[in-house]
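Here is a short report on aromatic rings and their partners. Look at the structure first, then read on.

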Amino acid sequence: MKFFRKTFEYMQGKWRIYFCIVGLAVLVGISFWKTPSLAERRILLQTCPVGVMGTECSLIVYVNQSDKEYGEQLLSEAEKVLRECEILTSTWLENSEISRFNRMKAGQFLKISPFTEDFFLRSRKAWEETGGVFDITCGRIWQLWREAEKTGVLPDEEMIQVARNASGWGDIYLEPAVVTKTKDMVEVVSGGIAKGMAVDRAMKCLLHPKVLAAVVEVGGDLSVFQREGVLVPMEIRIRCPWEKAPGEKVDFQGMLTRQRVVGICTSGNYERYFHVGGKYYSQILDPRTGFPSDEFLSVTVVAPDAATADVWATALSILGEKGREILSEGVHILSMIKNKLPRNEKSKEEVTAGEERNFSGKGHAGLINLSYRHALNRSLCVLRC
């Protein structure tokens, strides 16, 4: 009996040791499961293509370490899309479809790509929504001011009127994959929407399940993506027009909570301008008058996509406060920086806040801090993760 009792106690000790070992193994397994593996670690991939649309460009994706090669492939595809869009719509390229349209004679037909067709369709819609303030058909007026830069002589009222009458939407006819015009002098410009459209098209390349967050930026036209459930704090800083340093932070995380992709664009007159007779004039032209609009130094807009933000940033630079009354759904003004005095005087600027300057988002500092300055009169974007 004593032998059996000792044997039972011995076996009990063995089982205790066994259960302790098993329990320890389970705890170790759980700790390894909770610790991010190499495949779960997340990294930022960035490329800065040179020569895209004549300005600075940044493409960024946030992916798992194991998806690095795939992320690099997506960045390459996005860059390719940007360059294809530029080839189709840039007025600085002689063989672009827009340049060929501007040169062709009245009555001729030009076959166009789906992207260029969409450019015409969206531009006409923007013209209607802005009451004619956003108008790509002011190509002749644009050319008139470019000529003034060369001659140093300002265009007079008569010259402006001739240029205004030379081109309009009533002179352009669009059919599926084909466009024509009724006057030889009809010309269009692609600024104010084509770049935003290209940014949106490039972002579509990055909207893949393996991408957790992404940014496409071309000359300050931004498209920002953040996957649901993934916290990647991002900041947008609007640059002060009278300084080279980044300005006030704009927190838009709340909008990213409501929708996965947003477009943010700034239009301004303090970096790109016409220089005529020793004076500077904005390159933002009011198609209603044919003259530059100098009231605002900078207008920043957030919208569901970059093309829409691009359009309204330009339109609001002309319309000012009156533009609030006709804003499209989902479009919000982040800031309007007004120039109190004429362009060529030393002026003091005032800032008008947008109706949703802060979107109640919260960010936090993390392991990686990647920042880059937008080109020209744009903004500063910072990703922290």
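## Charges over rings

K210 places its charged end over the ring of Y70, 4.8 Å from the ring centre. K181 does likewise with F101: its charged end sits over that ring, 5.0 Å from the centre. The model behind these values is predicted.

## A tilted tryptophan pair

A pair of aromatic rings is described by two things: the distance of the centres and the angle of the planes. How many aromatic pairs does the count give? It comes to seven.

One of them joins W127 and W169. Their ring centres lie 6.4 Å apart. W127 belongs to helix α4, residues 114-129. W169 lies in the loop between α6 (157-166) and β4 (172-175). The two are 42 residues apart in sequence, so the pair ties together separate parts of the chain.

Are these two residues buried or exposed? W127 is partly exposed, with a relative accessible area of 26%. W169 is buried, at 7%.

## An edge-to-face pair

The rings of W142 and F274 have centres 5.2 Å apart. Their planes stand at 65 degrees, which is over 60, so this pair is edge-to-face. It links distant parts of the chain. W142 is in helix α5 (residues 139-151), and F274 is in strand β11 (residues 273-276), 132 residues apart. F274 is buried, with a relative accessible area of 0%.

## A ring cluster

W142 and F274 also belong to a cluster.

How values were computed
Residues numbered from 1 in each chain as written. Predicted model: local features only at pLDDT ≥ 70, side-chain atom pairs only at ≥ 80, totals over all residues. Heavy atoms only, no water. Phe/Tyr/Trp six-rings, centres within 6.5 Å; stacked < 30°, edge-to-face > 60°. Helix = DSSP H or I, 4+ residues; strand = E, 2+ residues; numbered from the N terminus. Buried < 20%, exposed > 50% of the residue type's maximum accessible area, 1.4 Å probe, protein only. Lys NZ or Arg CZ within 6 Å of the ring centre and 35° of its normal.
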